[in-house]
Amino acid sequence: MTESTQTPSAGQTAGDVLTMDIHEVMRRLPHRYPFLLVDRVLECESGKHIRALKNVTINEPFFPGHFPHRPVFPGVIILEALAQTAGILAFVTAGVYPDEHRQLYFVGIDKARFRKPVEPGDQLILKATLERSIRGIWKFSTIAEVDGQEACSAEMMVAPGETRK
């Protein structure tokens with residue numbers, strides 16, 4: 001395997017291990033603040049797996065209400081971060097970038113489990129492994145970890161969707 005620290009291009013060949021800074025992440029996902037939940041891609045191998053990073057800070061917009069006396073990163077937001085991570089892997093594997101005509105949507109989740117609270121100051125490591133792709137539906141196994149301990153896991157599916165004109 002070779003490692004690329006340069007900006008990856010659409011159509012990367014299998015076996016290339018990519019890294020992405022925030023600028024490349026923003027090219028690979030349509031999400032923006034406050035809902036862009038992937039800060040960096042540490043490793044991405046087309047058609048196989050991805051490992052990404054989310055720095056959890058006290059400045060997250062939901063912490064004042066979840067919970068005021070002990071901020072906890074909401075589990076559904078962890079799941080969304082995992083779905084975004086899986087989406088990057090799907091776009092890289094397909095060799096395309098999202099645009100007004102190409103979007104992937106989070107369409108299913110199974111076996112979601114929450115094992116450990118995530119708090120401000122934690123680094124959330126987001127992992128997704130492509131299990132299969134059938135008729136345009138991509139299925140992933142995902143895990144979010146903090147300090148090497150599982151915080152959340154789920155099986156999820158993403159699929160292309162129609163965009164409104």
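Trainee: How many salt bridges does the structure hold?

Mentor: The structure holds 11 salt bridges, each being a side-chain nitrogen of Lys or Arg within 4 Å of a carboxyl oxygen of Asp or Glu. This is a predicted model, in which local features need pLDDT of at least 70, side-chain atom pairs count only at pLDDT 80 or more, and totals for chains, interfaces and linings use all residues. Residues are numbered from 1 along each chain as its sequence is written, and side-chain values use heavy atoms, with hydrogens and water left out.

Trainee: Which residue forms a salt bridge with Arg115?

Mentor: Glu150 does, with the closest N and O atoms 2.9 Å apart. Glu150 lies in strand S8 (residues 149–160) and Arg115 in the loop between strand S5 (104–114) and strand S6 (123–134), so the pair ties together parts that are 35 residues apart in sequence. Strands here are DSSP runs (E, at least two residues), numbered from the N terminus.

Trainee: And is Arg115 buried or exposed?

Mentor: Arg115 is exposed, with a relative accessible area of 53%, whereas Glu150 is partly exposed at 28%. Buried means under 20% relative accessible area, exposed over 50%, and partly exposed in between (1.4 Å probe, protein chains only).

Trainee: Which residues are joined into one network?

Mentor: Glu24, Arg27 and Arg28 are, through salt bridges that share partners.

Trainee: What about Asp99 and Arg102?

Mentor: Their side chains meet in a salt bridge at 3.2 Å, N to O. Asp99 is partly exposed, at 24%, and Arg102 is partly exposed too, at 39%.

Definitions and conventions: Helices (H or I, at least four residues) and strands (E, at least two) are DSSP runs, numbered from the N terminus.
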